[in-house]
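Subject: Structure handover

Hello,

Here is the structure I promised to pass on. Please open it alongside this email.

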Amino acid sequence: MKTVPAKVWSEAKLYAPSVTSELLQALMKHHEAIESDEKSSLLLTCNNQGSALVSFYCDAVDKLPAVFEPFEHIPATSQSLPRGVYSTYELLGVIEYLAVPGHVWFVFVWLVFPEENANYQSHNFRTMSSQPSLEVYETAERVRVEQSDLLSDVEGLRINNVIQPMSSIGIKQSRKVGGNPLGLEEVGQQCMSPPSVFYDRLANLAQGFW
């Protein structure tokens, strides 16, 4: 087993629904940038309350990595994780701190389901991958909004789109150490969860985070 340095640059921002289109356009520029930088990773999550962008850079840098500059001009409503260098342990501590017993919290697209309340949640989750496509992203978002509007009377329901870019560099690197179980071609891609449904009968889903 190979190990990697534990210190990473990271930040997390929240955005209003009105800038989702700008975020998706910036995402396309990010796809281009990561084809020459193998250290970056991000997760973009969109729902009716807004979007969460979590950025990681596998190096202890002291300034914004260039691969994330396409998002820099888009105004955020808040910064849930301050920009800086963290250890993996510290990042896990942030998640643990935001997880409150008796609630379901949507934290950086990781979910925490407390055991004592586990019977009150339902999670419908699916994924797909494709090459980068603004048309695909915008279509998935349009469908998510339409479904959310149709089900707006269901208390506690949240429908989310989650996009995670993958560079051809990462896929090539995986082949060097044994290949990837998905058999992905060595081209830029994305792993999307379109639209995933989270439902809590107590209407506590994502309470406080958004």
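Below is what was found in it, starting with the overall picture.

This is a predicted model, in which local features need pLDDT of at least 70, side-chain atom pairs count only at pLDDT 80 or more, and totals for chains, interfaces and linings use all residues. Residues are numbered from 1 along each chain as its sequence is written, and side-chain values use heavy atoms, with hydrogens and water left out.

**Overall**

The protein has 4 helices and 10 strands. Both are DSSP runs numbered from the N terminus: helices are H or I with at least four residues, strands are E with at least two. From the N terminus on, the order is β-α-β-β-β-α-β-β-β-β-α-β-α-β.

Of the 210 residues, 43% count as buried. Buried means under 20% relative accessible area, exposed means over 50%, and partly exposed lies in between (1.4 Å probe, protein chains only). The protein exposes about 11,400 Å². Carbon and sulfur atoms supply 54% of that area. Accessible areas come from the Shrake-Rupley method with a 1.4 Å probe; for residues, only the protein chains shown count as cover.

Take the contacts with a separation of 6 or more: residues 24 or more positions apart account for 75% of them. Contact means heavy atoms within 4.5 Å.

Start with α1, residues 20–33. This helix has 14 residues and reaches 20 Å from its first C-alpha to its last, close to the 20 Å expected at 1.5 Å a residue. The expected span is 1.5 Å times one less than the number of residues.

Which residues of α1 are buried? They are T20, L23, L24, A26, L27, H30 and H31. They cover an arc of only 165° around the axis, so they sit on the same side of α1. The arc is that of the directions from the helix axis to the C-beta atoms. On the other side of α1, K29 and E32 are exposed.

I74 belongs to the loop between β3 (50–57) and β4 (78–87). Its relative accessible area is 2%, so I74 is buried. Leaving aside neighbours within four places in sequence, I74 is in contact with Y15, V19, E22, L23 and A26. L23 and I74 are 51 residues apart along the chain, yet their C-alpha atoms are separated by 7.4 Å.

**Salt bridges**

Side chains of opposite charge can pair when their charged atoms come close. The rule used here is a side-chain nitrogen of Lys or Arg within 4 Å of a carboxyl oxygen of Asp or Glu. By this rule the count comes to 5 salt bridges.

- K39 and D59 meet in one of them, at 3.1 Å from N to O. This pair links distant parts of the chain, 20 residues apart: K39 is in the loop between α1 and β2 (40–47), and D59 is in the loop between β3 and β4. K39 has 30% relative accessibility, so it counts as partly exposed. D59 also has 30% and counts as partly exposed.
- E72 forms a salt bridge with R83, with the closest N and O atoms 3.0 Å apart. Again distant parts of the chain are linked: E72 is in the loop between β3 and β4, R83 is in strand β4, and 11 residues separate them. E72 is partly exposed at 37%. R83 is partly exposed at 34%.
- R144 pairs with E141, their closest N and O atoms being 2.8 Å apart. Both lie in helix α3, 3 residues apart, which is about one turn of the helix. R144 counts as buried at 3%. E141 is buried at 9%.

There is also a network of salt bridges, linking E11, K13, E72 and R83.

**Surface patch**

L150, L151 and V154 form a nonpolar patch on the surface, with about 270 Å² of accessible area together. Patches are made of residues with over 30% relative accessible area and no salt bridge; like charges are joined within 9 Å, and nonpolar side chains (Val, Leu, Ile, Met, Phe, Trp, Tyr) within 5 Å. V154 lies in the loop between α3 (134–150) and β9 (157–166). Its relative accessibility is 30%, so V154 counts as partly exposed.

**Helix α4**

In α4 (residues 168–176), the buried residues are S168, I171 and S174. They cover an arc of only 120° around the axis, which puts them on the same side of α4. G178 follows α4, and its phi is positive, near 125°.

Best wishes
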